[in-house]
Amino acid sequence: MDRSIAELIAALCEKGILLDQLQALLKEEENCMISLDLARMEENQQEIAAGMERLAKLSEQCRLMIASIGTELGMPGNQTLSPIIERLGAAQKRALTEAQQSVAGNAKALQGALSLHRRLIEDSLNVVGNSVNFFNRIFNPGHTYGVAGAFVNGGRGTSGFVSKEI
């Protein structure tokens with residue numbers, strides 16, 4: 001069981017490091033968006049995708065380890081660390097608690113970075129949408145009340161008069 005706990009602590013530490021790396025990749029992607037470095041942004045997105053795959057595999061591995069350790073401690077079906085931590089010795093309890101807090105802190109920081117990233121992309125898309133609408137209005141003027149009182153050119157010959165009263 002000590003070996004299982006040590007493997008879980010190592011996996012949690014690896015997960016924390018991976019979360020830090022993903023946060024750094026998101027920051028780099030923001031810089032690529034700002035500098036319009038599309039080639040580097042594509043490479044960065046591939047690195048993020050690979051990191052997310054590793055994170056999913058690592059999370060599944062941690063989940064299985066937690067379930068296995070829970071079963072060993074007489075808690076079949078356990079899916080969280082807190083009940084496991086309560087049943088461990090002082091040294092293992094401290095190490096596992098530190099690993100848990102580290103992963104939770106890194107996950108919260110990554111969530112904040114993702115939120116900022118989402119807002120940056122949404123704002124960028126809004127600017128693009130507004131620019132497209134602006135140019136559509138310039139190049140495709142609508143005939144609304146803004147042209148009221150102007151001479152009518154279409155379909156009436158070359159005369160500038162609208163009325164036939166002369």
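Visitor: At what angle do H1 and helix H4 pack, and are they roughly parallel or antiparallel?
Guide: This is a predicted model. The axes of H1 and helix H4 (residues 90-139) lie 9 Å apart, and the packing angle is about 20°. Angles under 35 degrees count as roughly parallel. H1 and H4 are therefore roughly parallel to each other.

Visitor: How do the residues of the contact of H1 with H4 divide?
Guide: H1 and H4 cross in a left-handed sense. The residues of their contact comprise 5 charged, 5 polar and 21 nonpolar.

Visitor: Is H1 roughly parallel or antiparallel to H2?
Guide: The axes of H1 and H2 come within 9 Å, crossing at roughly 160°. Angles over 145 degrees count as roughly antiparallel. H1 is therefore roughly antiparallel to H2.

Visitor: What is the handedness of the crossing of H1 and H2?
Guide: The contact of H1 with H2 involves 20 nonpolar, 6 polar and 9 charged residues. As H1 passes H2, the crossing is left-handed.

Visitor: Which residue just after H1 takes a positive phi?
Guide: Helix H1 covers residues 2-35 and reaches 50 Å from its first C-alpha to its last, close to the 50 Å expected. Just after H1, a positive phi of about 60° is taken by Leu36.

Note on methods
Residues are numbered from 1 along each chain as its sequence is written. This is a predicted model: local features need pLDDT of at least 70, side-chain atom pairs count only at pLDDT 80 or more; totals for chains, interfaces and linings use all residues. Side-chain values use heavy atoms; hydrogens and water are left out. Helices (H or I, at least four residues) and strands (E, at least two) are DSSP runs, numbered from the N terminus. The expected span of a helix is 1.5 Å times one less than its number of residues. Axes are lines fitted to C-alpha atoms, for helices over the stretch in contact, and angles run from 0 to 180 degrees between N-to-C directions. Angles under 35 degrees count as roughly parallel, over 145 as roughly antiparallel, 65 to 115 as roughly perpendicular and the rest as oblique. A crossing is left-handed if the near helix is turned anticlockwise from the far one by less than a right angle, and right-handed if clockwise. Ala, Val, Leu, Ile, Met, Phe, Trp, Tyr, Cys and Pro count as nonpolar, Asp, Glu, Lys and Arg as charged, and the others, Gly among them, as polar.
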